[in-house]
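Work through the following exercises with the sequence and the model open beside you, and try each task before reading its solution.

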Amino acid sequence: MDPDRIPESFPAPSFRGTQEQALADIRDAFAAGNDVVLVRAPTGSGKSLLARAIAGAAATTDDVTPAEATDAYYTTPQVSQLDDVAADPLLDDLNVIRGKSNYTCILNGETDTPVDRAPCVRQSGFDCSVRHRCPYFSDRAIASNRRIAAMTLAYFMQTAGSDVFRKRDVVVIDEAHGLAEWAEMYATVDLNPRTVPVWDDVGVPDVAGATDTLERTVRFAETLAGVCERAKDDLLRKPELTPDEAARRDRLQELRSELQWFVEDYRDPESPTTWVVDQPDGEGGPITIKPLDPARYLHHTVWDRGNKFALLSATILDKAAFCRGVGLDPANVAFVDVEHTFPVENRPLYDVTQGKMTYEERDETLPKIARTLVRITAKHGDEKGLVHCHSYAIQSELRKRLAQLGLGGRVRAHDREDRDAELESWKATDDPDVFLSVKMEEALDLAGDLCRWQVVCKAPYLNTNDSRVARRLEEGQWSWYRRTALRTVIQACGRVVRAPDDYGATYLADSSLLDLFERTRGDMPTWFRDQVDRLSTPDLPAFDQVAAGGRGGPSRSNRGNTRDGGRQGTRSRGGSASRSARSGANGSQRDRSDRSSGTDGGSGSGSESGSGDDRSDHPLSDVWGDR
């Protein structure tokens, strides 16, 4: 890598905001000998353009000997982020490759068949006459031979050890804040009737009730891997497979590899990974095998894939904690903090808290939030709004109550199956509709009039019933727990203000958010702390469901407190949360059911949220084939 090439590799015709200074700082960090540079770059700083500039500094074949690594990878866990990169003309030299299932075969009679189910993978010895024109193999060949190959993090990890996608000189990971959590998700082994093709052929023991749960799980994993191997071999002996049989064969091979990885890692006395096992239904029921701090997994799938690494995100909140979570030595990692260029008055936070949204208190709080939403919607009569519902259960209840309050005509929502379609339909309309979203805090660009206001319904604490979360809290990792929630809130706040001249209001409805801000003040980026310090209580219209349900409302010229951060028509918060935030309180004290353990005011993110089932924009959907 030649760090001096970073500024000159910037793809835009000119710099904006702090981009030029950011590139200079990144260049200096690499020039100082650091192999890894963390870049905290807020919304609107042009992270993708910064990423392209860093990738452009990778060694070329003219710079090094044939045996040394050259070129660069760009990767991101967000499928939608990769879509944005592919559509950006400034990034047209990032050659995108996706999983096989995202392409269709071009053979006659097979044009509706995904490439991973095409004759070349179904028939033994099949010689494809048009392989050179196959859309998947064509894109793969281009990406593997050009300077910058772009792919999702799932595909990147999946190709570890590939002869095609070998080690490169530079690896750039965009939206890298959740790298540890995503690695845990990728390394998790889910065993249930849907994921195990031979489920009915094995007896599933009660591993959770065993004296040594992990040892009993390992023995079962070894047995299951053997059954998968035999079933796969039976399929391989057939001269031709149906598409369903090909899918079964591939899943058997994938599952066998997952089980072997778990067994080998567990048996390795030097592995840093801690494994936990869930089996809520006991004997015969599904088993989930989860890793904690899978540093070894990341070394194999990420850190062994490049010489130099740039990790970009708006919400890398604590350098040392982040490095520990992904298996890096903080002493060998540089941190570059990019300034925010959006005026703080254009991105106000408003306190409309109505109580806590923990499982135990939600029934009392949610009706109040619904009535407050009617008032907010009336204030923003001709402006579109987004509500971060956190879970499908909250979304469903909120939608029902808003309909009862006369707002049904302005409310849109999505379910697990039509997530992307409903979002695009709402974005395309000119009507001032309200979109009730679930798990859309990240990778969503709602610039300008696409959305002028949003509501955060619930403090997004992780579910304390999740075995990984529970284990960490047993070990006293409360700072990690709160930082994870804060990171999600900051990501959510960045959805509606996307440029220096853009503006949008964020309303906070769960009082647990105020407690979270008090406890994590020391972890906040300066630019977000500025927003919290200006937290104010807005003047909302009196409750009037007729006014809220209409298409009228205050004119744009009369809507000062949306844009001025509370200077007009608002009153400053005088409560203890605001005073505590200014006093410097910090969080040092301590990606599935929606229950909290009752500790710390946390409100868990539950299974009702659909985070495990919603596959349309899931980080693994690129290799699942749902896009």
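Helices (H or I, at least four residues) and strands (E, at least two) are DSSP runs, numbered from the N terminus. The model is predicted.

**Exercise 1.** Carry out the steps for E175, and state its phi.

Solution. E175 sits in the loop between β5 (168–173) and α8 (179–187). Its relative accessibility is 7%, so E175 counts as buried. Its phi is near 50°, which is again a positive value in a residue other than glycine.

**Exercise 2.** Explain why α3 is described as largely enclosed by the rest of the structure.

Solution. Go through the helix residue by residue: K47, S48, L49, L50, A51, R52, A53, I54 and A55 are buried. Because 9 of the 9 residues of α3 are buried, the helix is largely enclosed by the rest of the structure.

**Exercise 3.** Which residues does S437 touch, not counting residues up to four places away in sequence?

Solution. First place S437 in strand β14 (residues 434–437). With 1% relative accessibility, S437 counts as buried. Setting aside residues up to four places away in sequence, S437 touches L386, V387, H388, C389, H390 and H414.

Technical notes: Residues are numbered from 1 along each chain as its sequence is written. This is a predicted model: local features need pLDDT of at least 70, side-chain atom pairs count only at pLDDT 80 or more; totals for chains, interfaces and linings use all residues. Side-chain values use heavy atoms; hydrogens and water are left out. Buried means under 20% relative accessible area, exposed over 50%, partly exposed in between (1.4 Å probe, protein chains only). Contact means heavy atoms within 4.5 Å.
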